[in-house]
Amino acid sequence: MVSIEERFQFDLAGFIILRGVLSRAECDELLNVLRKLEGQDYEDLWLQKTGGGRPTKETNRDHQTRLNGLPRLHDAFDQLIDHDTLMPYLNEFVGAPQLINTWSISKARGAAFSSWHRGVPTTDYAYRNGDIRTRMFNTVWFLTDNGPDDGCVVAVPGSHKSNIDIDLKTHPAYEMPNATPITGKAGDLVLFSEATLHDGLPKTTDGTRTNLYYNYVHEHYNVMYREPRNCHHFYFPPDIRARLTDRQKELTAWMELARWDY
Ligand SMILES: O=C(O)CCC(=O)C(=O)O
């Protein structure tokens with residue numbers, strides 16, 4: 001059940017934070033798998049067939065490693081697709097959710113603020129006849145602590161309903177009015193409407209900050225059209241979906257209709 005206080009907060013701010021959803025042991029298990037994957041190189045031979053796209057491992061930003069398409073890389077990541085704690089929120093805030101994208105971001109000291117962005121326009125957030133609906137809904141799993149100087153996610157509360165555009169480029173990080181760091185401990189889970197302005201703050205501390213991102217859309221959203229360069233990572237081939245639970249299969253049902261095998 002999603003409480004009225006949580007509905008109030010999500011509608012008001014565009015995000016909520018659930019504390020202690022994963023145990024430290026669960027975070028460490030996922031981190032162990034992820035660190036091995038981050039240490040590898042990927043041939044990405046599919047790039048030749050698709051004529052381009054985002055590589056599996058992205059290191060183009062200084063002091064940052066991003067891995068795309070997590071369940072393609074290891075089955076340890078399947079469990080988060082339909083985590084029991086997450087499911088009521090997915091249904092409450094998206095209505096008919098489908099998983100579109102999964103990725104990890106690990107940051108070391110020196111990682112910089114990039115640029116304020118939102119995944120969908122503010123017109124893709126609505127409250128109507130008692131239902132909260134965001135067409136795109138991101139879930140951020142903290143596998144390590146996210147202190148304010150650890151390069152944590154930063155958001156502008158209420159910007160999912162903002163009516164006035166402001167120049168995003170000339171207001172980086174804390175120069176944006178109301179920029180609010182989203183801090184927490186390993187195991188916390190942030191849920192946010194992708195209509196909310198957000199990015200990551202600079203990392204000025206030692207150690208590595210690692211988060212996993214599982215992004216969902218309403219089932220009417222055209223998943224394959226969104227970002228053609230990322231389709232390989234969005235789509236799980238039949239051999240990967242075969243190992244998923246029924247509920248995970250339901251949350252990835254669009255993959256049965258898409259043609260991306262080559
Ligand atoms: O964790 C971060 O540094 C920000 C991530 C982010 O904004 C994104 O992946 O869209």
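Which residues line the second largest pocket? In this predicted model, the lining of that pocket is made up of Arg118, Val156, Ser159, Ser162, Ile164, Asp165, Ile166, Leu168, Met176, Pro177, Asn178 and Leu197.

- The space that lies in the second largest pocket comes to about 230 Å³.
- Sorted by class, the residues lining the second largest pocket are seven nonpolar, three polar and two charged.

**The largest pocket**

- The largest pocket has a volume of about 720 Å³, and of the 35 residues that line it, Arg61, Arg66, Trp103, Ile105 and His117 are the closest to its centre.
- Two or more residues of this lining are given by each of strand S3 (64-68), strand S4 (97-107), strand S7 (136-142), strand S11 (198-200) and strand S12 (209-218).
- Strand S4 supplies the largest share of the lining of the largest pocket, with five residues.
- By class, the lining of the largest pocket consists of 11 nonpolar, 13 polar and 11 charged residues.

**Helix H2**

- Helix H2 covers residues 24-38, which makes 15 residues, and its span from the first C-alpha to the last is 20 Å, close to the 21 Å expected at 1.5 Å a residue.
- The buried residues in H2 are Cys27, Leu30, Leu31, Val33, Leu34, Leu37 and Glu38, and because they cover an arc of only 165 degrees around the axis, they lie on the same side of H2.
- On the face of H2 that is turned away from this buried side, the exposed residues Glu29 and Lys36 are found.
- The buried residues of H2 pack against several elements, namely strand S2 (57-58), S3, helix H4 (70-73), S4, S7 and S12.

**The residue Gly69**

- Gly69 has its place in the loop between S3 and H4, and Gly69 counts as buried because its relative accessible area is 0%, while the cut-off for a buried residue is under 20%.
- When residues up to four places away in sequence are not counted, Gly69 touches Thr102 and His233.
- Although Gly69 and Asn230 are 161 residues apart along the chain, their C-alpha atoms are separated by 9.0 Å.

How values were computed
Residues numbered from 1 in each chain as written. Predicted model: local features only at pLDDT ≥ 70, side-chain atom pairs only at ≥ 80, totals over all residues. Heavy atoms only, no water. 1 Å grid on protein atoms, 1.4 Å probe; cavity = no way out; pocket = protein on both sides within 12 Å on 5 of 7 lines; lining within 4 Å. Points joined across faces, edges and corners; volume = space filled by probe spheres on them. Helix = DSSP H or I, 4+ residues; strand = E, 2+ residues; numbered from the N terminus. Nonpolar A, V, L, I, M, F, W, Y, C, P; charged D, E, K, R; others polar. Expected span 1.5 Å × (residues − 1). Buried < 20%, exposed > 50% of the residue type's maximum accessible area, 1.4 Å probe, protein only. Arc of directions from axis to C-beta. Contact = heavy atoms within 4.5 Å.
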